[in-house]
Amino acid sequence: MSNIEILFENNRRWAKQTAEQRPQFFSELAKLQSPEYLWIGCSDSRVPANQILGLLPGEVFVHRNIANVVVHSDLNCLSVIQYAVEVLKIKHIIVCGHYDCGGISCAYHNQRFGLIDNWLRHIQDIYKKHLTRFQLPHNKSPTDLLCELNVIEQVYNVCQTTSVQDTWIKQANLEVHGWIYSLQDGLLQDLNMNIKNLEEIETTYQRALESIFKAKS
Ligand code: CO
């Protein structure tokens, strides 16, 4: 069997097992999706949203790109956020980065790969913005720090989008969270960047920055 045929074989087995366990599963999902969460994560094949969160199809709306970047002019990501918030009415947006992220590492080491360098320029901008903090002594490696910092900055960007701001102006419930995932043990960590209204953005952002850049004692 070829590598591609294996995928169809896997799919038939999965569909059969799922239908046996929950006979209404596919017919119910075909009618409607009502996920409570939007996941914005890295494209890295080792960080699959559903498996990590223990969620089934239909339970998490997913957007992934290299190094989980939320750019103010990226129509793809902005459309996902708008649809998730305004149409699906999801209650939580999770920006999840991960340690040992190839995109972050390339940006930090200034490696050249072509077109992707332009995308990773956003990460380099973040690094430059906080350069003085990186120059202080830390318990963490600079790339681990940059992985964490990137999540905090991207949560901040999510909070600046018109969809999220309009939701909060309307006093509707919506929380934005910043997490990081470890490939070493499969565990998620909260980066204390949880925001649920406009007023909290700046103070929570500053506190989250201080907490990741805590100087070596
Ligand atoms: Co990555």
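Q: Why is Lys 129 called exposed?
A: Lys 129 has a relative accessible area of 52%. Exposed means over 50%, buried under 20%, and partly exposed in between (1.4 Å probe, protein chains only). So Lys 129 is exposed.

Q: What kind of model is this, and which rules apply to it?
A: This is a predicted model: local features need pLDDT of at least 70, side-chain atom pairs count only at pLDDT 80 or more, and totals for chains, interfaces and linings use all residues. Residues are numbered from 1 along each chain as its sequence is written, and side-chain values use heavy atoms, with hydrogens and water left out.

Q: What makes Glu 153 and Lys 129 a salt bridge?
A: The N to O distance is 3.0 Å. A salt bridge needs a side-chain nitrogen of Lys or Arg within 4 Å of a carboxyl oxygen of Asp or Glu. The Glu 153 and Lys 129 side chains therefore form a salt bridge. Glu 153 sits in helix H8 and Lys 129 in helix H6 (residues 116-129), 24 residues apart, so the pair links distant parts of the chain. Helices here are DSSP runs of H or I with at least four residues; strands are E runs of at least two; both are numbered from the N terminus. Glu 153 is buried, because its relative accessibility is 5%.

Q: How many salt bridges does the rule give?
A: The count comes to eight. Among them is Glu 148 with Lys 140, where the closest N and O atoms are 2.8 Å apart. Glu 148 is buried at 3% relative accessibility, while Lys 140 is partly exposed at 31%. Another is Asp 44 with Arg 46, at 2.7 Å.

Q: Which label do Asp 44 and Arg 46 get?
A: Asp 44 has 14% relative accessibility, so Asp 44 counts as buried. Arg 46 has a relative accessible area of 44%, so Arg 46 is partly exposed.

Q: How do you know which residues coordinate the cobalt ion?
A: Donors are N, O and S atoms within 2.8 Å of the metal (3.2 Å for Na, K and Ca). Cys 42 (SG), His 98 (NE2) and Cys 101 (SG) lie at 2.0 to 2.3 Å, so they are donors. Water is not among the atoms, so the site may look incomplete. In sequence the donor residues are spaced C-x55-H-x2-C.

Q: Why do His 98 and Cys 101 count as buried?
A: His 98 has 1% relative accessibility, so His 98 is buried. Cys 101 has 3%, so Cys 101 is buried too.

Q: What makes S1 and strand S2 a pair?
A: Two strands pair if DSSP finds at least two bridges between them. S1 and S2 (residues 60-65) share six bridges, so they pair, and in the parallel sense. Leu 38 stands opposite Phe 61 in S2. S1 also pairs with strand S3 (residues 92-98) in the parallel sense, over five bridges. There Ile 40 stands opposite Val 95.

Q: How is strand S1 covered?
A: S1 (residues 37-42) is mostly covered, with five of its six residues buried.

Q: What makes Tyr 127 and Phe 134 edge-to-face?
A: Rings of Phe, Tyr and Trp (its six-membered ring) pair if their centres lie within 6.5 Å; planes under 30 degrees apart are stacked, over 60 edge-to-face, and the rest tilted. The structure holds seven such pairs. Tyr 127 and Phe 134 are 4.7 Å centre to centre with 65° between the planes, so they are an edge-to-face pair. Tyr 127 is partly exposed, with a relative accessible area of 23%. Phe 134 is buried at 12%.

Q: Why is the Tyr 156 and Tyr 205 pair called tilted?
A: Their centres are 4.6 Å apart and their planes 45° apart, so the pair is tilted. Tyr 156 lies in helix H8 (residues 142-160) and Tyr 205 in helix H10 (residues 201-212), so the pair ties together parts that are 49 residues apart in sequence. Both Tyr 156 and Tyr 205 are buried.

Q: Which residues form one aromatic cluster?
A: The cluster is Tyr 108, Tyr 127, Phe 134 and Phe 213.

Q: Which label does Ile 6 get?
A: Ile 6 is at 34% relative accessibility, so Ile 6 counts as partly exposed. Ile 6 lies in helix H1 (residues 3-21).
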